[in-house]
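Reader: I would like to work through a model feature by feature, with the general idea put before the particular case. Could we begin with the overall picture and then turn to the details?

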Amino acid sequence: MIGWKTSAGADCCLAAAETAVVTQPEDRGRLSLLSQRAGDSGESRPGKICCCADSPSAYDDRWGAGAGRDAGGVAVVCESGPVMEPSEALRRLHEHAEHLDVDRDTVEFVAGTVAAAAAGTLPDALRQQLAHFLRRADADGRDLTALLLADVAGVTALPDLVAAAEVDMGDQYLLHETIDGLIRSGGAMARWLLTDMIGNGSSGQRAAALRLLEPIVEPADVTLLGGAASDPDPKIRVPALEALAGLPGDAAAVTLLVGGLQDQDPGVRAAAIDLLAGQGDPAAVAPLSPLTTDPEPRVRRRLAYALGRLGRDEGDGGPAQATLQIMLRDDDPAVRDRAQAALGEIGGAQAAGMLLAGASSADPRQRAHAAKALARLVDEDPRAEERIRSLARDPDAGVRAAVLSGLATVGDITGRWESLVNALAGDSDVTVRHRVVGTAVHLLPYPDEILILLSTDPSGFVREAAALALSRRRR
């Protein structure tokens, strides 16, 4: 049982059986001592969770406007619900056991705990049971106990289940589903428990709580998340940024995301890039562009991908294209490849011009990636089709194969490419012929002839792929 004490010294909902009293808001980390689900009335007794504030406005700031506070705004009930009797808990235990197909010994073990507990002590008994199954790495026992604890303790079981999820036993789906259900139904109390874990939990609990807060994040959480975004542990900083990204358009949140671009950890910088780009605001190109000189190639690759996403909405010749043009000269070939692909996604005359230049490069890898990117532009720039046909005759087999890969990614290919694909079906390189199989299935409605031809190819690798494609088409 936890109670808040007002500045005037009045206890809030304290009971004779309380385990702790939080006297100041900053002490709320001791909420982990909470052991009972709230009672169903305003009287002070075991099982009641109360939250106090010094005034109605202070309560509204902490818990949400008007949610359950009394007329004076001093003593408030944040969560309510009847304490479950052991008989009802046993009924639910057997329902869960039947659904989960848990072995009889495990069910009887948990049932013994339930039968021996009084209503007021049942949540604590189940918490001890959960710890037992975690020590034994018993996933069935863990899931059965977690479901029952959620029934009995309601949203106040959230910290216990989040802590249990830190122990990865392989199959975590049901546990995570139970946690999500508590958050959906827990309202303001669920938010409070999550923010308490973010501020005071273990490293694993903090990271998990940050991710769980993301779908229900509110502007009032920005200060808390800003603190987590500057935590010494990058495993905390990344989910903090992810939660902040759930507030698109919030100036303070965007400022913190931009700050993540300068993080000392490359994984955090890469995450900040993705999150800013995911908001879809072309204005993000300006703070992203300086990362063309980031020392980590993987960060620069992520930057190129992000610029491709943002550049679609800024029009031809925009800042994203200008930045990608710089990245075409990057020292890392994978960065250059990603920049070419991003230009293909953006499209426009300027992007086409850059890709056509790449298609004339002496470097076959650069020609190959230009070929794939140009396939996206054939309907908007006639120069793209001409160059693709030329690259289909390139002396490098990797470039010829890349032409086919590019056409396959476009989707249903029109008849204008039939002769090109037919010609490459007789290519001297086995990789090119195998790539024809993957491309031909997009040549609706006439790929069967090519696939039948390749099903007699000298290479078993090609024959097998062609036969499989034919069988799938004939189903």
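**Reading the model**

Author: Among contacts in the protein between residues at least 6 apart in sequence, 60% join residues at least 24 apart. This is a predicted model, and its secondary structure comes to 24 helices and two strands.

Reader: What share of the 475 residues in the protein is buried, and what does the accessible surface come to?

Author: Buried residues make up 50% of the 475 residues, while the accessible surface comes to about 20,800 Å², with 50% of that belonging to carbon and sulfur atoms.

Reader: How should I read the nonpolar core, and which residues have the most contacts inside the largest one?

Author: In soluble globular proteins, nonpolar side chains tend to be buried together. Here the largest nonpolar core has 130 residues, and those with the most contacts inside it are L158, L161, I179, L288 and L324. Helix α7, residues 173-200, supplies the largest share of this core, namely 11 residues. To take L324 as a case, and leaving aside its neighbours within four places in sequence, this residue is in contact with A304, L307, G308, A339, A342, L343 and I346.

Reader: How are helix α20 and helix α22 packed, at what angle and with their axes how far apart?

Author: Two packed helices are described by the angle between their axes and the distance between the axes. Helix α20 (residues 397-410) and helix α22 (residues 430-440) pack at an angle of about 5°, with their axes 9 Å apart. Angles under 35 degrees count as roughly parallel, so α20 is roughly parallel to α22. On the α20 side the contact is made by A397, R400, A401, A402, L404, S405, L407 and A408, and on the α22 side by V432, R435, V436, G438 and T439. Sorted by class, this contact of α20 with α22 has eight nonpolar, three polar and two charged residues.

Reader: Which residues make the contact between α22 and α24, and at what angle do these helices pack?

Author: α22 and helix α24 (residues 460-474) pack at an angle of about 5°, with their axes 9 Å apart, and they are therefore roughly parallel to each other. The contact involves V430, R433, H434 and V437 of α22, together with F461, V462, A465, A466 and A469 of α24. By class, the contact of α22 with α24 has seven nonpolar, one polar and one charged residues.

Reader: What is the phi of D101, and what is the phi of A137?

Author: Most residues other than glycine have a negative phi. D101, however, has a positive phi near 60°, and A137 has a positive phi of about 55° although it is not a glycine. D101 lies in the loop between α2 (86-100) and α3 (104-116), where at 66% relative accessibility D101 counts as exposed. A137 lies in the loop between α4 (122-135) and α5 (139-153), and at 55% relative accessibility A137 counts as exposed.

Terms used
Residues numbered from 1 in each chain as written. Predicted model: local features only at pLDDT ≥ 70, side-chain atom pairs only at ≥ 80, totals over all residues. Heavy atoms only, no water. Core = buried A, V, L, I, M, F, W, Y, C linked by side-chain atoms within 4.5 Å. Buried < 20%, exposed > 50% of the residue type's maximum accessible area, 1.4 Å probe, protein only. Helix = DSSP H or I, 4+ residues; strand = E, 2+ residues; numbered from the N terminus. Contact = heavy atoms within 4.5 Å. Axes fitted to C-alpha atoms, helices over the stretch in contact; angles between N-to-C directions. Parallel < 35°, antiparallel > 145°, perpendicular 65-115°, else oblique. Nonpolar A, V, L, I, M, F, W, Y, C, P; charged D, E, K, R; others polar. Areas by Shrake-Rupley, 256 points an atom, 1.4 Å probe, with all protein chains shown as cover.
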